[in-house]
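Please work through the exercises below with the sequence and the coordinates at hand, and try each task before reading its solution.

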Amino acid sequence: MCLGAAALRTGEWNAAREHFESAIATYRRADYQNGMAAAYNNLGLLHKNLCRFKEAVRFLEQALRISERSGHFHDAATYVHNLGIVHEKLGEWDLAEEHYRRGLQMYTEVGYAAGRARALSCLGNLRRKRRDWAAAEELIRESLAIATERGYPRETILAREALGDFHLERGALEEARSEFEAALVMADQVSPDSDLTVELLRRLGEVHFAYHEFDQAVRSGERALVIARRLGDRIEEACSLRLIGLVRAEEGDLDQARNFLDQA
């Protein structure tokens, strides 16, 4: 499981899959239900990162069934939350919100503050996508307050990223830049060149693009693209290509713009 997790975080997809499948087989022989559920969850995350969302749902639902059957309520909350993320990626926002709210309730009942922070941030993001601005900001700021108070670095970074997205969509570019830059400093300290780094670099590139700072936008986009390809993050790879293509279009280089946008 540890080797699989390391491979998952470094984009070695085949190695990660083999480790997790081997773990499932061993856990099954030992009749260790909690381990089986965790391994299925990790397989679900692997497929989520590769944008194989239907497969991700299948593995995550299997993890949830095992966890609920064996009474591991704390772990079940995580699998419910992860299902919400995949449903959101699929555009199934009602299902995503249902899972996030259920996960939030479960995290609250077991007293897991990091999980609460994650669920609140995801709910805030979903409210932002629905243009429910007041509810979005309230949820995201509550997430940030919990994460900073408890000293959870990843959850703090995610909440700042969500707040930056909120400001960016409202046209508050300076506020967005401030949140993205603060989060990127933290991400570089916690885990440089990670999934967090690539998301923040690309978003900073979008701020630079909005300010017509085209050289900086391309530099951010190119660095994000390199990390996304190394990690195998197809969504961020596409978003980075799109950013560079839009910059080239604004600069008048339409051939390059078309090339990048076609790839995206």
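The exercises that follow concern a predicted model, and they go from the whole chain to single residues.

**Exercise 1. Describe burial, contacts, surface and charge for the protein chain as a whole.**

Step 1: of the 264 residues in the protein chain, 49% are buried.
Step 2: among contacts with a separation of 6 or more, 53% come from residues 24 or more positions apart.
Step 3: the protein chain exposes about 12600 Å², and carbon and sulfur atoms supply 48% of this area.
Step 4: taking the 36 positive and the 43 negative charges, one finds that their mean positions are 4 Å apart.

**Exercise 2. Compare the span of helix α3 with its expected value, and explain how far the helix is enclosed.**

Step 1: helix α3 covers residues 33-49, which is 17 residues, and reaches 25 Å from its first C-alpha to its last, close to the 24 Å expected at 1.5 Å a residue.
Step 2: because 13 of the 17 residues of α3 are buried, this helix is largely enclosed by the rest of the structure.
Step 3: looking past the helix, one finds that α3 is followed by C51, whose phi is positive, near 65°.

**Exercise 3. Is R248 buried or exposed, and which residues does it touch?**

Step 1: R248 is located in helix α13, which comprises residues 234-251.
Step 2: the relative accessibility of R248 is 18%, and since buried means under 20%, R248 counts as buried.
Step 3: leaving aside residues up to four places away in sequence, R248 touches V218, E222, D253, Q256, A257 and F260.

**Exercise 4. Locate I85 and relate its separation from Y100 in sequence to that in space.**

Step 1: I85 lies in helix α5, residues 73-89.
Step 2: I85 and Y100 are 15 residues apart in sequence, while their C-alpha atoms are 8.1 Å apart in space.
Step 3: not counting residues up to four places away in sequence, I85 touches K48 and Y100.

Key: Residues are numbered from 1 along each chain as its sequence is written. This is a predicted model: local features need pLDDT of at least 70, side-chain atom pairs count only at pLDDT 80 or more; totals for chains, interfaces and linings use all residues. Side-chain values use heavy atoms; hydrogens and water are left out. Helices (H or I, at least four residues) and strands (E, at least two) are DSSP runs, numbered from the N terminus. The expected span of a helix is 1.5 Å times one less than its number of residues. Buried means under 20% relative accessible area, exposed over 50%, partly exposed in between (1.4 Å probe, protein chains only). Contact means heavy atoms within 4.5 Å. Accessible areas come from the Shrake-Rupley method with a 1.4 Å probe; for residues, only the protein chains shown count as cover. Lys and Arg count as positive and Asp and Glu as negative; His and the chain ends are not counted. The place of a charge is taken as NZ of Lys, CZ of Arg, CG of Asp or CD of Glu.
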